Amino acid sequence: GLPTYNSLYPYMLLLVREHPSITTSFLSGFELYNEKGLLTGFTKARNGYQLTGTKMRRGKHLAEQKIQLSDRASELTKQVIEITAPLREYTKKHSNNNWRYLFLTCGKAFSSPSPAKAPAWNKNNLQHNKSQALVDRFLESMKKCHEDSELTREDAIHFMSRTSIGTMRASCGVEVYLNTQSVDEMAKALGHANYSTNLLAHYLPEPILAFFQTRW
């Protein structure tokens, strides 16, 4: 039942799906507790719960980022805390500072608990022999969700290589733009301090961008 390498990745993606302002850097090394042992990363607010972390790309004065969580995101965070509790207790007992972090794993089996990072999947490493078991597990899980799934191994590798926190954020940003037709709402959803003119070009696929530039 211990969280191993990659096992918390779905939680990261689901949190981003709920709140696309969450970035890879925000999640990497996310501190649940501060240096004094106080619970500062996940706190109860007036209208639910908040995640408080850092997004350094926003600049020194805007780096701290507070995200008011949806009920779904709050529940997901509580599940991660419960799943990682044994690792947190172990590291705390052995005076290992890693107990402070939200996302903890024990590697491929029983390695010393350390902060989890989002995997960098690409076609090259997924086609490697060492990744066969990972791709097989993905195919198996897809068949459990869709009994009539006809995904081939090549389909799975293509899908996995396109999956990342960045692409999830981009998809959510496009969704907001299509629903609101507002670049400001898109920028707000993605957690940008200000709207920049190259934001659309960065997140929208060229055909979609061209379509709206010629019709709106």
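**Entry 1. Basis of the model**

I note that this is a predicted model, in which local features need pLDDT of at least 70 and side-chain atom pairs count only at pLDDT 80 or more, while totals for chains, interfaces and linings use all residues. Residues are numbered from 1 along each chain as its sequence is written, and side-chain values use heavy atoms, with hydrogens and water left out.

**Entry 2. The chain as a whole**

I counted eleven helices and five strands in the protein chain; helices (H or I, at least four residues) and strands (E, at least two) are DSSP runs numbered from the N terminus. The C-alpha trace spans about 60 × 45 × 30 Å along its principal axes. Of the 216 residues, 38% count as buried, where buried means under 20% relative accessible area, exposed over 50%, and partly exposed in between (1.4 Å probe, protein chains only). I also looked up the contacts, defined by heavy atoms within 4.5 Å. Among contacts with a separation of 6 or more, 54% join residues 24 or more positions apart.

**Entry 3. The cavity**

I returned to the opening question. The structure holds one cavity of 30 Å³ or more. On a 1 Å grid over the protein atoms alone, a cavity is a set of points where a 1.4 Å probe fits but cannot get out; a pocket is an open set with protein on both sides within 12 Å along at least five of seven lines; and lining residues have an atom within 4 Å of a point. Grid points are joined across faces, edges and corners, and a volume is the space filled by probe spheres set on the points. The largest cavity is lined by N6, L8, Y9, M12, T105, A116, K117, A118 and P119. By class, I recorded six nonpolar, two polar and one charged; Ala, Val, Leu, Ile, Met, Phe, Trp, Tyr, Cys and Pro count as nonpolar, Asp, Glu, Lys and Arg as charged, and the others, Gly among them, as polar.

**Entry 4. The nonpolar cores**

Which residues touch the most other members of the largest nonpolar core? I found L27 and F103, in a core of 33 residues. Such a core is a set of buried Ala, Val, Leu, Ile, Met, Phe, Trp, Tyr and Cys residues joined through side-chain atoms within 4.5 Å. Two or more residues come from each of α1 (9-18), α2 (24-27), β2 (48-54), α3 (71-83), α6 (132-145) and α7 (153-161). The largest share, six residues, is from α1.

I then listed the partners of F103, leaving aside residues up to four places away in sequence: L8, Y11, M12, L15, L27, V80, S114, P115 and A116. A second, separate core has eleven residues, including V174, M186, L190 and L209.

The largest pocket has a volume of about 460 Å³. It has 15 lining residues, and P10, W121, R137, F138 and S141 are the closest to its centre. Helices α1, α6 and α7 each supply at least two lining residues, with α6 giving the most, six residues. I recorded the lining as ten nonpolar, four polar and one charged.

The second largest pocket holds about 340 Å³ of space. Of its 15 lining residues, Y5, N6, K130, S131 and L134 are the closest to the centre. Here α5 (123-126) and α6 each supply at least two residues, and the largest share, three residues, again comes from α6. The classes are seven nonpolar, five polar and three charged.

**Entry 5. T163**

Is T163 buried or exposed? I recorded it as buried, because its relative accessibility is 18%. T163 lies in the loop between α7 and α8 (165-180). Its side chain reaches the backbone oxygen of F159 at 2.8 Å. Beyond residues up to four places away in sequence, T163 touches Y9 and L13.

**Entry 6. Positive phi values**

Most residues other than glycine have a negative phi. I therefore noted two residues with positive values.

- S95 has a phi near 55 degrees and lies in the loop between α4 (85-93) and β4 (104-105). S95 counts as exposed because its relative accessibility is 69%.
- Q181 has a phi of about 55 degrees and is found in the loop between α8 and α9 (183-189).

Note on methods
A polar contact is a pair of N or O atoms within 3.5 Å; within protein, one must be able to donate a hydrogen and the other to accept it, and residues adjacent in sequence count only if both atoms are side-chain atoms.
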